[in-house]
Structures are given as structure tokens and as C-alpha cells.
Amino acid sequence: MQQIKRTTVKTLLAEPDKFIGKEVDVKGWVRTRRGNKNVAFIALNDGTTIKNVQIVVDFSKMPEESLKDVTTGASLHVQGEAVASQGKGQSIEIQAAEIEVYGKADPAEYPLQKKGHSLEFLREIAHLRPRTNTFGAVLRIRHALAFAVHKFFNDKGFYYFHTPLITASDCEGAGAQFQVTTLPLDQLPLGEDGKPDYSKDFFGKMASLTVSGQLEGELGATALGCIYTFGPTFRAENSNTPRHLSEFWMIEPEMAFYEIEENMDLAEEFIKYCISYALENCRDDIEFLAEHFDKELVERLNFVINNDFVRLPYTEGVRILEESGKKFEFPVYWGVDLASEHERYLVEEHFKKPVILTDYPKEIKAFYMKLNDDGKTVRAMDVLFPKIGEIIGGSQREEDYGKLRQRMADQGLEGMDWYLDTRKFGSVPHSGFGLGFERLILFVTGMQNIRDVIPFPRYPNNCEF
Ligand code: ATP
Ligand code: MN
């Protein structure tokens, strides 16, 4: 082949006039092949965009026999002249002069032959599903959203702060952690009490994978001002729902000197920014997903961007639910931890808008949330979204040393003096929240199941690839 610089399909389709009449070089995978006895049309995709470029092979110039390995999934290197296309839906195509097959894909074995495989089937071949239009679109949107997250915070002067993945503290005080150990499980060293002797473990104490970077994030915020984390998070909750993963990515901004109102403002601005960024930068992918999975997707995204979120105290929310006359599966009363059906009623049926629910009973929220003057509620804020339910959980943090120490003692939390030191030395009002990255992607892509918005999902009984 000649020495011609490779052009990506995205570049080619973005500026066809620059290429028409010139020799081009493209590389990619065959999506489909069709034609007749004189000519073949190959749809080539290189992952840079959802769109394919059409390769036209004239059998009077290139023998049909030379295309015997050009089947769905095979990888090609193509050179030829870019010409204006007659076909509808495309502006440019390539008249092939030379085709090299990099790698064959035996049609008898390659699983992605037909279009329209079910998402369940694709989950079983998650190692290949990025090659489908659907997952290509989702993964490009995922990338764009990750980039938007960093851009949003960087532009605001927040610092990206790396919190540890292996930790010896349990942020939420719940037992949903994966333990990290190098102790031989079939021959555990036991202490005098008959329990495992963790002083012999790798870290000299019991350690786990993090369920949240918040506590360490607070150490960053009370030094750098405003920080955010963005990293993997692990929860061993055995919840087989379409909204939970065992390994997911969380974004956790933490801001010194922010009160709860500023925290809510930031959360709302942040989500709207990310959605707008995706709409501006992933138009083709979003439109593809809208067409195939969710006709109201673009409308819903625009609606969220263009409307204020409702801000509602928990107590009011419970009253609305009680007066709704609706039969819920789980009972509603003041003090209950709201179930997904309750959250969705408020968002989808009552307000028909995203809702930020605030001031929850202290009993159902974490120890570090700031107590209100009523002594009963804490300055929590959960952002509830249509179709998703909770997308963000956050709060203003308790900055009073005595009150925080008391709450920790009440809950039997020990050995966290390092955390209390933030309140002991130069304590400040501060706030933060956690956004589940995959829940944001669910919303932006219109996908139904969180397992379909991360390349290799981890969930109970599944750790493939
Ligand atoms: P939920 O009630 O939905 O289980 P949570 O209250 O346990 O969530 P938080 O501890 O507040 O969640 O975590 C902050 C955010 O992280 C949540 O608002 C959600 O977006 C996301 N998140 C929590 N757990 C998971 C999970 N298992 N998989 C994916 N995202 C999650
Ligand atoms: Mn929460």
C-alpha cells in the first residue's frame, strides 16, 4: 500500500469537502456488507463515531474473490479515492483501490452477525459488546461525561483530590464493604477470642475497599478549599437492582465554607452542566439511543436543563405522600427511609421535575450530617431524578467537635481521631455530595439497566472479563 496518512471516519464525515477527490486511507471493522455481482458496499466503522463510512468495491477493478474474508467483524485497511456519495444519509464514500484484511472474523463463529441482539444477550458477551452501535454510543457518552466532570470542577477552581481505595474506615457505618486481606482463608490465624487475628494481616489491621472517599475528601477540603474526587467505589450490598453495581464510579465534591444552600446550588448546576455538555458533544450518539430505546430522551434532557429543581423538606415530602391516596407497596410515615416508589412518585407524578429532598430525620442518615436546630433532622440533601430515583446524596457536615464526637460514640464508631481532627483544629462549615457516575450516564443515555452503562459490570454472582 502507499504511504498515506490515516483519516478517522469521524474526521472524514465531519469535513467531506476537504477529502472529496483525494486519495484517503481508512482503517476499521466491517459492520455490514451487501451488493450485487458487479459491486460490493462495505459499511466500515472505526469506533470514532457511530456513523460508518461506505466503501465501494467495483469488481471490474478488484476481483470479488479478493473480498472473501471481508465479512461482518473483520478488520480492514482501505485506500482509495473519496467521492461524493449518491446514497442517501451519507455525503462521502470511498472507491476502494486497495483493501488489506488485518484480521478475519469467521461468520460461523462471530457472535455479532445480526443487528438487534437483546441487551441481555449482549451482557453475556460484554467483551465484544463495545463493538455494537448501542455500546459504542454509550461508551462515547460515558467518556464525554467524565471529561465534563473534570472540566466543570477545574473551571470552578476545584482540585482533583485522590482518596484511597483501600481503607480501614467504614464511611457509612454499614456492613457493605469488601474485605481486603492476604490472610490464608483456609488457615486463619486466630486470636485468643477465637476471631481472626488481623494484626497478622497485610496492613496489621482489618482493611476494606472504599464505599466513599468523603471522609478523606473532607481532609482535602479543609486544606485546599474546594476539592472533588472521581474514582471507583465498591459496595458489597446484595442488591440485584437495575440501579446498583458492586463496583461503580463516584464523584464527590467537598467544599469548605459551603452551607447546604450553596451545596444544592452546586449540585444542580453540576448536573445541568454535564447534561448540556453531552447534548452538545454527543448529539449523534444520543439521537441514536433516543431512536432505538427512548423516544422522549432528548426532550427529557432538555426539560431537566431548563427547569429549576424543586427543593423540599423531607417532612413536606412525607405529607404529600401520605395525602396522595396512593397505595404504595411500603408504608409511608415520618421517620421512614423512603423507598424508590416514594421518591419516584414525588418526582414523576407529583412535581414532574427533579426534586432535592432536604432535612431528613437524623436516625436514617449518616453520623457526619449537621444537626438542625430542631434536634430531630439533619441537613441532608438527596437529589431525586425521574426514572432513576436518587442520583445524588449529600449534606452539610457537622462541624461542631463535641456534637460530632457524641454522634460517633452513639454509633460505636471508634479509631477515627484523624477525622475528628478536622473539627478539633480550625473547623469550618463545609458541605459536599456524592454523585453516582453510572446513574448520571443512565439518565443521559436513557438506558434502563446500570449494567449497560459500564464496560465490565460487577454485580452479585458476576465478575466476568
Ligand atoms: P441508594 O439508596 O440508591 O442505594 P445510597 O443512599 O446508598 O443509594 P449514597 O451512599 O448516598 O447512596 O451514595 C451517593 C450516590 O452514589 C448515590 O446517590 C448514587 O447515585 C450512587 N450509588 C450508591 N450506591 C450505588 C451502587 N451500588 N451502584 C451505583 N451507584 C450507587
Ligand atoms: Mn444516599
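Mentor: Helix H4 (residues 133-155) and helix H6 have axes that come within 9 Å and cross at roughly 135 degrees. This is a predicted model, in which local features need pLDDT of at least 70 and side-chain atom pairs count only at pLDDT 80 or more, while totals for chains, interfaces and linings use all residues. Residues are numbered from 1 along each chain as its sequence is written, and side-chain values use heavy atoms, with hydrogens and water left out.

Trainee: Why is H4 called oblique to H6?

Mentor: Angles under 35 degrees count as roughly parallel, over 145 as roughly antiparallel, 65 to 115 as roughly perpendicular and the rest as oblique; the angle here is roughly 135 degrees, and therefore H4 is oblique to H6.

Trainee: Which residues of H4 and H6 meet, and what classes do they belong to?

Mentor: On the H4 side they include Phe147, Lys151 and Phe152, and on the H6 side they include Glu269, Tyr273 and Tyr277, where contact means heavy atoms within 4.5 Å. By class, the contact of H4 with H6 has 13 nonpolar, no polar and two charged residues, with Ala, Val, Leu, Ile, Met, Phe, Trp, Tyr, Cys and Pro counted as nonpolar, Asp, Glu, Lys and Arg as charged, and the others, Gly among them, as polar.

Trainee: What makes the relation of H6 to H13 oblique?

Mentor: The axes of H6 (residues 260-281) and H13 (residues 437-445) come within 11 Å and cross at roughly 50 degrees, an angle that makes H6 oblique to H13. The contact is made by Ile271, Cys274, Ile275 and Ala278 of H6 with Leu440, Phe443 and Val444 of H13, and its residues by class are seven nonpolar, no polar and no charged.

Trainee: Which residues have the most contacts inside the largest nonpolar core?

Mentor: They are Ile286 and Phe385, in a core of 69 residues; such a core is a set of buried Ala, Val, Leu, Ile, Met, Phe, Trp, Tyr and Cys residues joined through side-chain atoms within 4.5 Å. Apart from this core lies another, of 30 residues, among them Leu215 and Tyr360.

Trainee: Why is Asp359 called partly exposed?

Mentor: Buried means under 20% relative accessible area, exposed over 50%, and partly exposed in between (1.4 Å probe, protein chains only); Asp359 has 23% relative accessibility, so Asp359 counts as partly exposed. Asp359 lies in strand S13 (residues 355-361) and has a positive phi of about 55 degrees although it is not a glycine.

How values were computed: Chains are lettered from A and ligands numbered from 1 in the order in which they are written. Axes are lines fitted to C-alpha atoms, for helices over the stretch in contact, and angles run from 0 to 180 degrees between N-to-C directions. Helices (H or I, at least four residues) and strands (E, at least two) are DSSP runs, numbered from the N terminus.
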